[in-house]
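User: Can you walk me through this model? I'd like the sheet and the aromatics.

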Amino acid sequence: MYYSTIFYRMHTYYIVVSEKGLVSIDISPFYVQLYQAIKCDEKTNIYVQQLMEYFTKKRTVFDVVFDLRGTPFQIEVWKALLSVPFGSTATYTDIACLINKPKSVRAVANAIGKNPILMMIPCHRILGKNGYLGGFRAGISLKIELLEHEKEKYTY
């Protein structure tokens, strides 16, 4: 496992990759420590580049390979999050229905809360009923920042 860090708008982001793809993007070094990743900017370059393009309003869709590590249910939920378009939001119920488990809203919310790949798997776009922000593992202030960021004009 390999990692790099980037600093943007008062946050340090830790990007962890394996030989198969992106494992995590987080504001905590938890996954760096969990996987005993070693610093290697060469291995993380494409992921760092695309994340910076997102932050600098040059990218709305990511083109990377993920190495998802979770239960089959979590992975199903995380893949469903990819269907929520840039600048849009959905609810936990929407995601539960999308994976054909409409009665599993709480389990879906729990899986979303364990998403290890912030921004690229857009868990920040998921809201509770009536627009309630819900939770966000990286903090509600970052969730608000990301939602506002996606409402701003992008240039290509």
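Analyst: Here is a short tour of the sheet, then the rings. This is a predicted model: local features need pLDDT of at least 70, side-chain atom pairs count only at pLDDT 80 or more, and totals for chains, interfaces and linings use all residues. Residues are numbered from 1 along each chain as its sequence is written, and side-chain values use heavy atoms, with hydrogens and water left out.

User: What's the strand order in the open sheet?

Analyst: β3-β2-β1-β4, with mixed pairing. Strands are DSSP runs of E, at least two residues, numbered from the N terminus. Two strands pair if DSSP finds at least two bridges between them.

User: Which strands stand at the edges?

Analyst: β3 (22–26) and β4 (38–39). Each has a single partner strand, so one side of each lacks a neighbour in the sheet.

User: How do β1 and β4 run?

Analyst: They run parallel, joined by two bridges. Y3 stands opposite K39 in β4. The charged end of K39 also sits over the ring of Y3, 5.6 Å from its centre. That term needs NZ of Lys or CZ of Arg within 6 Å of the ring centre and within 35 degrees of the ring normal.

User: Now the rings. How many aromatic pairs?

Analyst: Seven in the whole structure. Rings of Phe, Tyr and Trp (its six-membered ring) pair if their centres lie within 6.5 Å; planes under 30 degrees apart count as stacked, over 60 as edge-to-face and the rest as tilted. Y31 and Y35 have centres 6.4 Å apart and planes at 20°, so they are stacked.

User: Which residues form the aromatic cluster?

Analyst: Y8, Y13, Y54, F55, F62 and F86.

Note on methods: Helices (H or I, at least four residues) and strands (E, at least two) are DSSP runs, numbered from the N terminus.
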